[in-house]
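These are my notebook entries on a single chain. I record here what I looked up, entry by entry.

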Amino acid sequence: MELIYLTDTGGQQPFWDLIPIFTRDTTATLFVHRLCEKLDEHPLNDLYQRGKQVGPSQRATLTTAQAFKTMLRGQHEGGKRSKIIAVGTHRDLKEECTETVEEKNKIFAAIASPHFKKDVVYRNEGLKEMVFPVNTKAPNKDDKKEASKIRASIEKGAAKHKIPIWWFILQLILEALTHKLGRDVLCKEECLHVSKSLGFSEGQLDAALTFFDKLNIFLFKKNILPGVVFTNPQVPLDKLSKLVEKQYHLKAAEADPTKAADLALTGDWQCFRDKGVLTLKFLEEFKSHYVKGIFTPRDFLLLLEKLLVICPLSATEYFFPAVLSMTPESRVNQFLASCTATEIAALVVEFPTGWAPPGAYCCSVCHLQSHAHWEVVHKPSTTPHNKDTPDSQLCQISRNSITFSKRDRPGTVMYIDNFSFFVACVNVDTGKMDREELVEHCHAVRSELFAAVEAGLKNTHHKNSRPVPAFLCPVQNGPCSTELHTACISENGKKWICSKNSNTFDRLNPGQTVWLSGIDQTAYKHMSSPKMSDLANRVAAIIPGKWMKVAIQLEIRMGAIDAVRRDKRECFEQFMAILDIWERSSSPPFTWNTLVSVLKSQSVNENALAKELQREFAVGM
């Protein structure tokens, strides 16, 4: 028997930050959009519960193209890569759109390249058609054929997990018990009772439940709720969807007060709408899935708090950042462009392996409050950093822009997610602080910020991300004026280098070095060291036949090269063996910079690949 598990992530933007927490290591990701709408338009979002539309349609903050980019953000950050399948619905209405399906294919391909071109599933690879056009409400024979193609694409090459026969029988028994009891939440004792008929000990039961949790078949968080088993892993998302639905109604009522009559818009609900403040009372109102003595509203709060979905503000209030409105990316970037010449440089948290992974920002926000004791400033005052911002909305609390303060520190920190990287803007009165005090202040902010980001990445199962400090590129003219981008830090920590053009660089100024004082400069060498998985996928698999030329450029002894040639038959294996020798010798330095130089050498002559690696891994030369 083969089973395929599908997770409906919901089209609402708050779910984008929640999905990575509850779902991981998927085989395929289907991006569903309407063919009757242009990709640069803000589509109408509809909220459905059990197949029925709830509330009025609302315009999305992001365009469809931006939403596709957001979906891609976490694609290669988990344990394995996921296939990308673009599904276009409303096929019968596609003629109403001035943008053709062919044009949509080109736009999607441009967004997916170069990071994800190997992950894309093509409807027609020869013609580079990415979009599978279908009608889903009233499908005809052609639509059913398209659906069959999509299913075949999912199954082809999919990783299959073999389940021990007794574990599979246990799964069937627990699902039968779920059906009999009419609930998707079981207590551990109930599971242990039925598992004893199969000869399971408690330890064996825990092992099986942990395995099912990893595959997203069940949800079992032994370290948080050891006595609770969710036989439907979407129970937490279903409950969170009630809060999203409520927020959906509240936002609609804000736009049209005549619709607020039946919403009981008390001060608490207004605080939830505007500030994302949640209380236990709110969760008690949504009674679905609660089981007395097994899974209660307090248990749900504990689960959300430990998973960094929410964080406590007081004994009775919690902060839920994912439910906040989002500041448009264009406004965020306009604001950040004004921060490139500030007295204290804006610190960038960059992800050299790709875009900032989804969910990591909201989780890091919760970690900053619950562990570093940063406090949200709901109405930040005008500061040198934001007095000239093109949109005052950026100064309000939103899902991708939050201002913090801390009781024992001066000023504030504005923490921003611009969809490609995170940015911290420190606002302090530098006239009242000497250089040493300023360095100490920025050192503390940087340390706590990176600890929070690491916690967010771990919690959202983004295993490959390695956040590194960087800055916004200070050059605002020529090629650097096209879009906001970063400047990475050289290995010796003395220069910034434009991530778009490695020929654009300069020495770090005092506003930048204030962030780096106290960091061991050898840390930069470690930060830019490649991972073997990246070297395998991005180098050895692409140019396996050039392993010997690369070995010579890496100054590996001929005796070692001859041994590799004798012991390994395949070029790929020989390449990986040479890379292993290089890593262990560390001479020349085991860094991306060294490898890029090797690829650019006359004998290897792989300039295109070198440039791609420079761009993808933020390598500076």
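I began with V87, which I located in strand 4 (residues 83–89); helices (H or I, at least four residues) and strands (E, at least two) are DSSP runs, numbered from the N terminus. The model is predicted, so local features need pLDDT of at least 70 and side-chain atom pairs count only at pLDDT 80 or more, whereas totals for chains, interfaces and linings use all residues. Residues are numbered from 1 along each chain as its sequence is written, and side-chain values use heavy atoms, with hydrogens and water left out.

I found V87 buried, at a relative accessible area of 7% (buried means under 20%, exposed over 50%, partly exposed in between, with a 1.4 Å probe and protein chains only). Leaving aside residues up to four places away in sequence, V87 touches L30, F31, V32, H33, F132, V134 and I150; a contact means heavy atoms within 4.5 Å. I also noted R34, which is 53 residues from V87 in sequence and 8.4 Å away in space, C-alpha to C-alpha.

Next I looked up H485, in the loop between strand 16 (468–472) and strand 17 (486–489). H485 is buried, with a relative accessible area of 5%. Its contacts, not counting residues up to four places away in sequence, are L472, C473, C480, C498, S499 and K500.

I then turned to salt bridges, of which the structure holds 20; each is a side-chain nitrogen of Lys or Arg within 4 Å of a carboxyl oxygen of Asp or Glu. K188 pairs with D206, the closest N and O atoms being 2.9 Å apart. This pair links distant parts of the chain, with K188 in helix 6 (residues 188–195) and D206 in helix 7 (residues 202–214), 18 residues apart. K188 counts as buried at 9% relative accessibility, and D206 counts as buried at 9%.

E375 forms a salt bridge with R407, again with closest N and O atoms 2.9 Å apart. E375 lies in strand 12 (residues 375–376) and R407 in the loop between strand 13 (401–405) and strand 14 (412–417), so the pair ties together parts 32 residues apart in sequence. E375 is partly exposed at 31%, while R407 is exposed at 77%. I recorded one network as well: salt bridges with shared partners join R123, E129, E146 and K149.

Finally, I took the chain as a whole. I counted 22 helices and 19 strands, and 53% of the 621 residues are buried. Among contacts between residues at least 6 apart in sequence, 69% join residues at least 24 apart.
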